[in-house]
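Have the viewer open as you read.

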Amino acid sequence: MSDLRIVIAGAGGRMGRTLLRSVLEGEGFQLVGALEHSASTHLGEDAGVLAGLAPSGVTVQSDLGGALSGAEVVVDFSSPASSVRLAERLAAAGIGHVIGTTGFSSEDLSAIAAAARRTAIVKSGNMSLGVNVLAALTRKVAASLGDDFDIEIVEMHHARKVDAPSGTALLLGQAAAEGRNVELDARAVRVRDGHTGSRRAGDIGFASLRGGSVVGEHIVIFAGPSERIELVHKAEDRSIFANGALAAARWVKGREPGLYSMADVLGLDV
């Protein structure tokens, strides 16, 4: 079986460099491209050197045409605008797309869904096995408990993270909403400040903490009368996200067009 030919989009970021190392050091993969935005200081660098390894012969570039030549799957941890543009381009070329980018607007999500009608896309706010198991558990617990159990999601990330709530927190919030059979946008409370009044039954609350070098911590709290259930996940190394993303890359190759999740990749019964 030939190696899977992969392009990494957002190669200069923290996750991008982790993915480069995983592809170059792993088995069954061939790095054929590394993408960054046109103003990146990493343009022209060797992707292997950027990842802290020996030269790979693959240069970081912003030209999609050059980077995508020969690609079978693009693994994308870039920015919302870049991911949307890339989704449209990959849909036209019929190339598989794994999206780990977060912070999308509703318009961005609609554009990605439209692209998925022409190519296979795996999109997730978090690629790790543990988080996706946590999402499945959150859905089931939310479905089992009534509105007298309040749902709160607390997340903490490193000081340089630019979006809040995190994509993982929103993934967990969506799972809770599905368990309750409600629309997350209608029940989400993302900010509390000042005199807010009492908590509305059925709301799904979010709290975002930022500081230090925390890779990612998430707690889903079900607070009921005289008892509380907490589901917790703590990420200790970014390699867990890279491993999941590369598993998704293997899975998405040759799939029929559609918008898939990590639950599909992992075969989780949700």
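N181 sits in the loop between α7 and α8; helices (H or I, at least four residues) and strands (E, at least two) here are DSSP runs, numbered from the N terminus. Phi of N181 is near 60 degrees, a positive value in a residue other than glycine. With 71% relative accessibility, N181 counts as exposed (exposed is over 50% relative accessible area, buried is under 20%, partly exposed is in between, with a 1.4 Å probe and protein chains only). Keep in mind that this is a predicted model, where local features need pLDDT of at least 70, side-chain atom pairs count only at pLDDT 80 or more, and totals for chains, interfaces and linings use all residues. Residues are numbered from 1 along each chain as its sequence is written, and side-chain values use heavy atoms, with hydrogens and water left out.

S226 also has a positive phi, near 70 degrees, and it belongs to the loop between β10 and β11. It counts as exposed, at 85% relative accessibility. Then there's the peptide bond from A164 to P165, which is cis with omega near -5 degrees; P165 lies in the loop between β7 (150-157) and α7. Why flag these spots? Because most residues other than glycine have a negative phi, and most peptide bonds are trans.

## Around W251

The count comes to 1 aromatic pair, taking rings of Phe, Tyr and Trp (its six-membered ring) with centres within 6.5 Å. W251 and Y260 make that pair, edge-to-face, at 5.0 Å centre to centre and 80 degrees between the planes (under 30 degrees is stacked, over 60 is edge-to-face, the rest is tilted).

W251 counts as buried because its relative accessibility is 16%.

## The largest pocket

This one has a volume of about 1200 Å³. A pocket is an open set of points on a 1 Å grid over the protein atoms alone, where a 1.4 Å probe fits, with protein on both sides within 12 Å along at least five of seven lines; lining residues have an atom within 4 Å of a point. Points are joined across faces, edges and corners, and the volume is the space filled by probe spheres set on them.

Of the 47 lining residues, G13, M15, F77, S78 and S79 are the closest to the centre. Two or more residues each come from α1 (14-25), α4 (80-93), α7 (167-180), β10 (216-224) and β11 (227-235). The lining splits into 13 nonpolar, 25 polar and 9 charged residues (Ala, Val, Leu, Ile, Met, Phe, Trp, Tyr, Cys and Pro are nonpolar, Asp, Glu, Lys and Arg charged, the others, Gly among them, polar).

## The second largest pocket

About 1000 Å³ of space lies here. There are 36 lining residues, and L109, K123, L170, L171 and Q174 are the closest to the centre. α7 gives the most to this lining, with 6 residues. By class, the lining has 17 nonpolar, 11 polar and 8 charged residues.

## The whole chain

The protein chain has 10 helices and 12 strands. Its C-alpha atoms fill a box of roughly 60 × 40 × 30 Å, taken along the principal axes. Of its 270 residues, 48% count as buried.
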